[in-house]
Amino acid sequence: MSATLNLPIIDLSSPDRRSTATSIRQACIEYGFFYLVNHGVNTEFVREVFHHSAKFFSLPLQQKMELARKEYRGYTPLYAEALNPSSKGDPKESYYIGSVADTTLVHLNQWPSEELLPNWRPTMESLFWKLLAAGKELLSLIALSLNLDEDYFEKIGAVNKPAAFLRLLHYPGELGSDEEICGASAHSDYGMVTLLVTDGVPGLQICKEKSRQPQVWEDVSHVEGALIVNIGDLMERWTNCLYQSTLHRVMPTGKERYSLAFFLDPSSDCVVECFKSCCSKSSPPRFPPIRSGDYLNERFKVTYGSEKNLKCSIQSKN
């Protein structure tokens, strides 16, 4: 049995921004995870989104494969993603939607037809805009928490055209519960921050100390109306490991589970180098500067391999 964590709760609408920033700093140092409330995505709308998500994942595989992932957008079937390269792949299916705010890339998105799934696209686009607004507001508070100007991430070009992705996730319950198999293998997220919406079914666990052996995993409980936020690897690099990008995984419970992850990552040409407020002579930068797009592309290649080989990989694993 895993212990259940009591993560900090951050109120995005609090008028005391300095106090909120201080709370975020403590949460990012201690856990790398926290709950976010009053974020602008109401519970009724979340239920509607999950309803639409379930409709898509309930389609026959052949119909879903007509929207198979290209350019990191579209459908990924069971076992096609390996967060742990030594595994046969994770028993989950997903659907990626790239930024609807970037007019130069929005055409790369794939959408089910309106005839097949009425109102599906506008619902997901609406969710994207809501989570993008919440994420940008959160980043201004994260900047404050690091003793930077509130608009710091805008000044360095991180959020002007962010590499933002919305990902719908489905963990089929019929796969059962197996301590040796993860619904999503242990990993840290690659980018800046992730905003997660869950349907209340348990399974998410975090490991606060990456290097500790044996690893200690703790359950993250569902808080109605709250988003779960976690820090990604690029934010860890930016902060010189002051803010931790925490290992997490999803364990099967024998119950069907849906979630929605919104990855808010920097613009591809944004250079990620240690914040001056996070380094000193006694604590020099641990990582060299790197272009965000280069870093993320390398991480995606390890996880997904070649996009061209997706269907061949799926066939060999089924």
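Some ground rules. Residues are numbered from 1 along each chain as its sequence is written, and side-chain values use heavy atoms, with hydrogens and water left out. Because the model is predicted, local features need pLDDT of at least 70 and side-chain atom pairs count only at pLDDT 80 or more, while totals for chains, interfaces and linings use all residues. Helices (H or I, at least four residues) and strands (E, at least two) are DSSP runs, numbered from the N terminus.

Start with helix α2, residues 43–57. It has 15 residues. From first C-alpha to last, α2 reaches 21 Å, close to the 21 Å expected at 1.5 Å a residue. That expected span is 1.5 Å times one less than the number of residues.

Which residues of α2 are buried? They are Phe45, Val46, Val49, Phe50, His52, Ser53, Phe56 and Phe57. These residues cover an arc of only 160° around the axis, so they sit on the same side of α2. The arc is that of the directions from the helix axis to the C-beta atoms. Buried means under 20% relative accessible area, exposed over 50%, and partly exposed in between, with a 1.4 Å probe and protein chains only. On the other side of α2, Glu44 and Arg47 are exposed.

What caps the N-terminal end of α2? Asparagine 42 does, with a side-chain oxygen 3.2 Å from the backbone nitrogen of glutamate 44.

What does β3 pair with? Strands pair if DSSP finds at least two bridges between them. Strand β2, residues 9–11, runs parallel to β3, joined by 3 bridges. Isoleucine 10 has leucine 36 as its bridge partner in β3. Between β2 and β3 the chain passes through helix α1, residues 17–30, and this β-α-β crossover is right-handed. Right-handed means that, with the strands pointing away from the viewer, the path from the first strand over the helix to the second runs clockwise. Strand β11, residues 227–231, pairs with β3 in the antiparallel sense over 4 bridges. Here leucine 36 has leucine 227 as its bridge partner.

Next, threonine 246. It lies in the loop between α6 (233–238) and β12 (247–250). Is threonine 246 buried or exposed? It counts as buried, because its relative accessibility is 1%. Its side chain reaches the backbone oxygen of tyrosine 31 at 2.5 Å. Leaving aside neighbours within four places in sequence, its contacts (heavy atoms within 4.5 Å) include Phe33, His187, Cys207 and Ile231.

Most residues other than glycine have a negative phi, and most peptide bonds are trans. Tyrosine 72 has a positive phi of about 60°. It is in the loop between α3 (61–65) and β4 (74–76). Tyrosine 72 is buried, at 19% relative accessible area. Asparagine 119 also has a positive phi, of about 70°. Asparagine 119 counts as partly exposed, at 37% relative accessibility. Finally, the peptide bond from glutamine 213 to proline 214 is cis, with omega near -5°. Proline 214 is in the loop between β9 (204–207) and β10 (218–219).

Terms used: Polar contact = N/O pair within 3.5 Å; in protein donor to acceptor, adjacent residues only side chain to side chain.
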